[in-house]
Amino acid sequence: MAVDVAGLAISLGFSLGAFAGGGWWCLRRLAQARLLLDTPTSKIRSAAQGYVELYGMLHAQGDGQLNAPLTGKPCLWWRYRIEEYSESGKSKSWRVVDSGVSDAWLRLADATGECLIDPRGAEVRPATREVWKGSSRHPRGLATSGLGSWIGGGEYRYTEERLQAGEPLYAIGDFHTSGGGRQGLDITAAQGAVIREWKGDFSGLLTRFDGNGDGQLDEVEWGRVRLAARLEAEDRHRRSSAAPAMNQMRRPAESQPFLLSSHGEDVLARQFRWQALFGAVLCVGGAVATVYLLRVTGLL
């Protein structure tokens, strides 16, 4: 009887997990699909600061392209996974034994300007994806495509995804511009940052502002420090504003999605809706199973 109770408890836990997890996934994907469709596309030059959506073409940076780790093919971003086939009795599965993802910044350009993108933390959906099999932990030579790569079988399965130069990219995330006279100046915060920097070399601070040479800074001398720090902060702001504008996109600080995709928002929204439907089915199935198990146990 104890075994049956334990088994029912485990089954009930799984059904409740499916109900809660499926419902959460459904609502999350529906909200993300709505957000993508409701967010207007911006041009890089005129984009507002904050959460924006961009379309553009990927270009190589000054230091050239990367080489993907499994195929060695040139690209701007890569992600790979190596799985090992395992079989134990009737149980057969693929187990991930190695994986990795590129953290190199991407350069996106449209007709109005350029934006550098930090891909860390992004949900990346590239168009280029290769999957093949082999008999060694790491593949030998380049990937082969088509049915031939699967007929031969193998103990290992390799998956490599890439973003490549000249491809279109849809990006939605936190956009920020520095330089170009666009950033404002919080003089109090900037002044405080300069003073903290100077305090890191307190002997140098004394050399500059200890007028009476007593090894301390009195109130009058601290006034001179604050005035000099304010002037330094204003000068740094002028020099920064005179520099060319630099646009960057990163992961949003809040829970908004950070997406980089070779496909447009319509394709992404449709994929999210299908995933939401899967979550709804899982939620309903979990609810039905939970009700059934509660009735079996006499709790309902």
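Start with the aromatic rings: select Phe, Tyr and Trp, and five aromatic pairs are there, where a pair means ring centres within 6.5 Å, with the six-membered ring used for Trp. A pair of aromatic rings is described by the distance of the centres and the angle of the planes.

The model is predicted, so local features need pLDDT of at least 70 and side-chain atom pairs pLDDT 80 or more, while totals for chains, interfaces and linings use all residues. Residues are numbered from 1 along each chain as its sequence is written, and side-chain values use heavy atoms, without hydrogens and water.

Next, select Trp 198 and Arg 208. The charged end of Arg 208 sits over the ring of Trp 198, 4.5 Å from the ring centre; the rule asks for NZ of Lys or CZ of Arg within 6 Å of the centre and within 35 degrees of the ring normal.

Now switch to a cartoon view. The protein has six helices and 14 strands, taken as DSSP runs (H or I, at least four residues, for helices; E, at least two, for strands).

Select β6, β5, β11 and β10, which in that order form an open sheet with antiparallel pairing; strands pair if DSSP finds at least two bridges between them. Because β6 (91-101) and β10 (128-134) are at the edges with a single partner strand each, one side of each has no neighbour in the sheet. From one strand to the next, the twist averages 20 degrees, with axes fitted to C-alpha atoms and angles from 0 to 180 degrees between N-to-C directions.

Select residues 77-88, strand β5: ten bridges join β5 to β6. On this pairing, Tyr 85 has Trp 94 in β6 as its bridge partner.

Methods
Phe/Tyr/Trp six-rings, centres within 6.5 Å; stacked < 30°, edge-to-face > 60°.
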